[in-house]
Amino acid sequence: MKGNRHAKIIELIQKKRIETQEELAEYLNQEGFKVTQATVSRDIRDLKLTKVPDENGKQRYAVTPADISEMGEKYIRVLRDGFMSMDMAQNILVIKTVSGMAMAVCAAIDAMKWSEVVGSIAGDDTIMCAIRTVEDTAKVMDKIGRIVM
């Protein structure tokens, strides 16, 4: 039940501008979850939710960016926008990007914290990623391919 409630909380705060715990509790009750403000308070702490300003200057609940997922939408968007091509040389993955985008794409790849990637370095339009093994290089290429295609 708690897992379902947490999933519903994330869904609600991504769809609606929720400013208070009471407001969140009200939405949850409308969705069939019988909760109190104390339960919502614990859920907010468990989910590590934070308040962020919206376009009107009001505060609303949001998922802390580091907790969204290992491939947050922001990183996926950067990777898609900047990616041009990739090729491997044994356990080195060379990624070509739009001019000026290599550092952003490199940061996105690093933020994904893939265990196969030992480290990466970026220039203006080229990234070199040191990958643990040749087999892992193919896995990373597949992961990137699924994101950008």
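Residues were classed as buried under 20% relative accessible area, as exposed over 50% and as partly exposed in between, using a 1.4 Å probe and protein chains only. The structure is a predicted model, in which local features need pLDDT of at least 70 and side-chain atom pairs count only at pLDDT 80 or more, while totals for chains, interfaces and linings use all residues. Residues are numbered from 1 along each chain as its sequence is written, and side-chain values use heavy atoms, with hydrogens and water left out.

Lysine 113 is located in the loop between H5 and E5, helices (H or I, at least four residues) and strands (E, at least two) being DSSP runs numbered from the N terminus. Its phi is near 50°, a positive value in a residue other than glycine, and lysine 113 counts as exposed at 68% relative accessibility. Lysine 48 belongs to the loop between H3 and strand E1 (49-53). Although lysine 48 is not a glycine, it has a positive phi of about 55°; its relative accessibility of 53% places lysine 48 in the exposed class.

Four strands form an open sheet in the order E3-E4-E6-E5, with antiparallel pairing; two strands are taken to pair if DSSP finds at least two bridges between them. From one strand to the next the twist averages 20°. In general, the strands of a sheet pair through backbone hydrogen bonds, either parallel or antiparallel.

E3 and E4 run antiparallel and are joined by six bridges. Within this pairing, leucine 93 in E4 is the bridge partner of methionine 88. The hairpin of E3 and E4 has two residues between the strands, and glutamine 90 in this hairpin adopts a positive phi near 60°. At E5, the antiparallel pairing with strand E6 (residues 126-131) extends over five bridges. Valine 117 is placed opposite isoleucine 131 in E6.

Helix H5 (residues 102-111) lies across E3, E4, E5 and E6 and runs at about 165° to E5. Helix H4 (residues 73-82) packs on the sheet by touching E3 and strand E4 (92-97), and its direction makes about 85° with that of E3.

Seven salt bridges are present in the structure, a salt bridge being a side-chain nitrogen of Lys or Arg within 4 Å of a carboxyl oxygen of Asp or Glu. One of them pairs aspartate 43 with arginine 5, whose closest N and O atoms are 2.5 Å apart. This pair links distant parts of the chain, with aspartate 43 in helix H3 (residues 37-47) and arginine 5 in helix H1 (residues 2-15), 38 residues apart. Aspartate 43 is buried, at a relative accessible area of 1%, and arginine 5 also counts as buried, at 13%.

Lysine 15 is exposed, with a relative accessible area of 64%, whereas glutamate 11 is partly exposed, at 32%.

Aspartate 136 and lysine 139 form a further salt bridge, with 3.7 Å between the closest N and O atoms. Because aspartate 136 and lysine 139 are three residues apart in helix H6 (residues 134-148), about one helical turn separates them. Aspartate 136 counts as buried at 12% relative accessibility, and lysine 139 is partly exposed at 46%. Elsewhere, salt bridges that share partners join Lys8, Glu11, Lys15 and Glu31 into one network.

The charged end of lysine 51 lies over the ring of tyrosine 61, 5.0 Å from the ring centre; the criterion is NZ of Lys or CZ of Arg within 6 Å of the ring centre and within 35 degrees of the ring normal.

Note on methods: Axes are lines fitted to C-alpha atoms, for helices over the stretch in contact, and angles run from 0 to 180 degrees between N-to-C directions. Contact means heavy atoms within 4.5 Å.
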